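Morning, everyone. One structure today, and I'll keep it quick. Have a look first.

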Amino acid sequence: MKLAMFSAQPYDRRSFSEALAASGMQVDLVCHEARLVPETAVLADGADAVCVFVNDRLDAPTLDVLAAQGVRAVLLRCAGYNQLDAAAAAKHGLFVARVPAYSPEAVAEHALAMILTLNRHTHRAYARVREGNFSLEGLLGSTLHGKTAGIVGTGKIGLATARILRGFGCRVIAYDPMPSAAFAALGEAVALPKLLAESDIVSLHCPLTDATWHMLDAQALAQMKPGAMLVNTSRGGLVDTPAVIAALKSRHLGALAIDVYEQESEFFFHDHSSEIIEDDVLQRLMTFPNVLVTGHQGFFTQEALREIADTTLFNLECWRSAASCPNAIELPPAR
Ligand code: NAI
């Protein structure tokens with residue numbers, strides 16, 4: 001069994017090698033640093049399955065090349081699959097599976113790390129103190145206890161975030177078209193306009209779909225409480241970034257924390273520090289003192305990496321042995 005892994009970073013190689021050794025599975029793992037796009041899909045030549053991550057392309061042209069080379073299974077080592085052309089996958093009879101949950105707490109804790117950083121300006125304090133500047137001017141924060149936090153999406157990560165925020169003494173409210181029953185014990189389910197109007201912190205935890213694309217646009221941002229903080233650890237496309245920049249410039253939006261960015265596939269997971277970054281929107285964002293950008297690291301804990309590797313190998317084994325796979329993505333009927 002040959003498995004071609006795309007967007008493979010050294011930490012992916014390590015976690016998959018460890019998981020393979022522990023599983024005893026006979027898999028010829030070939031790692032490619034390249035992102036999967038139609039032009040790189042030829043690297044999967046001779047592979048039975050490919051293993052891909054969030055910024056790999058699974059559109060029709062890419063799947064056409066993979067299928068033509070004999071690839072029969074696509075294993076996503078992530079939860080979201082907005083990049084998948086399900087009809088094209090069905091047309092080629094591909095098996096597609098994902099890792100639906102890998103330490104939701106890892107992402108929730110990263111969201112909290114970002115909230116606390118912006119709230120108490122620790123990103124600025126860190127740089128200031130290292131230069132021998134111990135002035136507090138400009139570092140005035142606000143106490144999280146007693147504030148209202150609005151959670152958009154009460155799935156695994158939204159719930160984990162809500163639990164932590166409750167621990168900080170926040171009032172937690174949430175919007176979800178299909179609210180999780182477990183949220184009832186944590187706070188009140190409300191409509192999105194009410195959530196936007198009442199929350200001091202709005203944290204996004206819903207998937208990117210046609211319905212959620214740019215759900216935080218100029219109109220939604222205008223409905224937010226003046227001075228509130230927006231946190232996005234889900235998918236960049238949930239937010240209209242130029243509209244967010246306008247809201248920051250007008251001082252209506254008080255702070256922004258993003259671990260994801262709509263055009264992140266051009267930059268994230270790679271070192272561009274010696275290059276000129278041509279994305280003016282991303283560069284403008286990084287000039288604001290009240291904006292924190294991280295490069296899609298919410299999932300990045302030892303525990304989550306191991307869970308991703310174990311679940312991916314489980315999915316591979318399900319497919320290999322023709323067993324039913326709880327993590328398989330349901331595809332439409334082939335046309
Ligand atoms: P989940 O599937 O457990 O929960 C998603 C929730 O969003 C569901 O309850 C669903 O009903 C709700 N939802 C759907 N449409 C909505 C809408 N229009 N408005 C509000 N809620 C809506 O997913 P999970 O595991 O909690 O992940 C959430 C997102 O986090 C994923 O879709 C993924 O994009 C992102 N993610 C980010 C990571 C990172 O490293 N930054 C790592 C893992 C996931």
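How far is an oxygen atom of the ligand from a polar backbone atom of Gly155? The answer is 3.4 Å. I call that a polar contact: a pair of N or O atoms within 3.5 Å. The side chains join in. An N or O atom of the Lys156 side chain is 2.8 Å from a ligand oxygen. For the side chain of Arg235, that distance is 3.3 Å. Alone, the ligand exposes 860 Å², and the protein buries 85% of that. Those areas are Shrake-Rupley, with a 1.4 Å probe.

Some ground rules. This is a predicted model: local features need pLDDT of at least 70, side-chain atom pairs need 80 or more, and totals for chains, interfaces and linings use all residues. Numbering runs from 1 along each chain as its sequence is written, and side-chain values use heavy atoms, with hydrogens and water left out.

Now the shell. There are 24 residues around the ligand, each with a heavy atom within 4 Å of it. Lys156, Ile157, Asp176, Thr233 and Phe299 come nearest. By class, the shell has 11 nonpolar, 9 polar and 4 charged residues. Gly counts as polar here.

Last, the rings. The count is 5 aromatic pairs, with ring centres within 6.5 Å. One of them is Phe53 with Phe269: 5.5 Å centre to centre, 55° between planes. That is tilted, as stacked needs under 30 degrees and edge-to-face over 60. The two residues are 216 apart in the chain.

Terms used: Polar contact = N/O pair within 3.5 Å; in protein donor to acceptor, adjacent residues only side chain to side chain. Phe/Tyr/Trp six-rings, centres within 6.5 Å; stacked < 30°, edge-to-face > 60°. Helix = DSSP H or I, 4+ residues; strand = E, 2+ residues; numbered from the N terminus.
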